[in-house]
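Keep the structure in view while reading.

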Amino acid sequence: MKSLIKCFKLLKYSGQMKSQVFFLVVITVTGFIIEFTSTTDSFDMIGGFYIIVAPATIGHMLMSLSMSGLVQSSVLKKKLQTVYPHVLSFPLMSLSLLLIIVHRAWLIQNGVKGLSDAENLVLQSSTVFSIGILMFLCLIYFAISFKFHIKAMIIFIGIVIPTMVILQNNTFGIMNILGGDFKQSVIITIILFVCGNLLSIILSNVFYKYSLSEYWIKRSLGRQ
């Protein structure tokens, strides 16, 4: 708890604080609007995805502090890149994920206009499962993007686009096969969430000694 409180106190010193908070608010509000208004569209997973990933951006605001000369020789430098972002974002992401699961369970329980019970079950289950996949990939991306921004972006896009095409393609039936059981989808999503966070921590430590990406250094200094 002390580490979590310390993380919140350190946030006010992060680079480009106002612009990052503005971006965070826009993403969060957009996520809530999509999540709670577009419940019959298979692409409404994006709303839940935004809501869950937003806390990760809060944690990574701490990364900019490690670029400050004040912490270059401090024990805080490593913690700001490998520990504190996860300490801050994990509990917030957990609450966000719980909110999405509860909302989707409520939609199954109360029904959605224009969908049969069977169609509604498949849609809500597959949405939760899809969010889990996207969340897992993003957690890994966040762990390496601060070190290898361009390479991480290329790999991320190269994996996400085909993944989304497959998930949304009825021909392959992946959405129906893996997303047809809500409890199963929830369990898989939670596993992906936990594994994604663990891998993110591991990768953050593995690549800690590599220099920070020039892009993120310039961005933290307000040059992007």
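## Helix α2 against α5

The axes of helix α2 (residues 17-37) and α5 come within 11 Å and cross at roughly 20°. Axes here are lines fitted to C-alpha atoms, for helices over the stretch in contact, and angles run from 0 to 180 degrees between N-to-C directions. The two helices, α2 and α5, are therefore roughly parallel. Angles under 35 degrees count as roughly parallel, over 145 as roughly antiparallel, 65 to 115 as roughly perpendicular and the rest as oblique. The crossing of α2 over α5 is right-handed. A crossing is right-handed if the near helix is turned clockwise from the far one by less than a right angle, and left-handed if anticlockwise.

Phe32, Glu35 and Phe36 of α2 make the contact with Leu99, Ile100, His103 and Arg104 of α5. Contact means heavy atoms within 4.5 Å. By class, the α2 and α5 residues divide into 4 nonpolar, 1 polar and 2 charged. Ala, Val, Leu, Ile, Met, Phe, Trp, Tyr, Cys and Pro count as nonpolar, Asp, Glu, Lys and Arg as charged, and the others, Gly among them, as polar.

## Model and overall fold

This is a predicted model: local features need pLDDT of at least 70, side-chain atom pairs count only at pLDDT 80 or more, and totals for chains, interfaces and linings use all residues. Residues are numbered from 1 along each chain as its sequence is written, and side-chain values use heavy atoms, with hydrogens and water left out.

The protein has 10 helices and 0 strands. Helices (H or I, at least four residues) and strands (E, at least two) are DSSP runs, numbered from the N terminus. Buried residues account for 45% of the 224 residues. Buried means under 20% relative accessible area, exposed over 50%, and partly exposed in between (1.4 Å probe, protein chains only). Take the contacts between residues at least 6 apart in sequence: 76% of them join residues at least 24 apart.

## Helix α5 against α6

Helix α6 spans residues 117-145 and packs on α5 at about 165°, with the axes 9 Å apart. That angle makes α5 roughly antiparallel to α6. The crossing is right-handed.

On the α5 side, the contact uses Met93, Leu97, Ile100, Arg104, Leu107 and Ile108. The α6 side supplies Asn120, Leu121, Gln124, Thr127, Val128, Ile131, Met135 and Leu139. The class count for α5 with α6 is 10 nonpolar, 3 polar and 1 charged.

## Helix α5 against α9

With α9, α5 packs at about 165°, and their axes are 12 Å apart. That makes α5 roughly antiparallel to α9. α5 passes α9 in a right-handed crossing.

From α5 come His86, Phe90, Met93, Ser94, Leu97, Ile101, Arg104, Ala105 and Ile108. They meet Phe182, Val186, Thr189, Ile190, Phe193, Asn197, Ser200, Ile201 and Ser204 in α9. The contact of α5 with α9 has 11 nonpolar, 6 polar and 1 charged residues.

## Aromatic pairs

A search of the whole structure finds 6 aromatic pairs. The ring centres of Phe49 and Tyr50 are 6.2 Å apart and the planes lie at 40°, so this pair is tilted. Rings of Phe, Tyr and Trp (its six-membered ring) pair if their centres lie within 6.5 Å; planes under 30 degrees apart count as stacked, over 60 as edge-to-face and the rest as tilted. Phe49 is buried at 12% relative accessible area, and Tyr50 is partly exposed at 27%.

Phe90 and Phe193 form a stacked pair, 5.3 Å centre to centre with 20° between the planes. This pair links distant parts of the chain: Phe90 sits in α5 (residues 84-110) and Phe193 in α9 (residues 182-206), 103 residues apart. Phe90 is partly exposed at 35%, whereas Phe193 is buried at 4%. Elsewhere, Tyr141, Phe142 and Phe156 form one aromatic cluster.

## Two single positions

Pro55 lies in helix α3 (residues 45-60). With 6% relative accessibility, Pro55 is buried. Beyond residues up to four places away in sequence, Pro55 touches Ser89, Leu92, Met93 and Ser96. The C-alpha atoms of Pro55 and Ser96 are 8.2 Å apart, across 41 residues of chain.

Val21 belongs to α2. Val21 is partly exposed, at 33% relative accessibility. Its C-alpha atom is 9.3 Å from that of Met61, 40 residues away along the chain.
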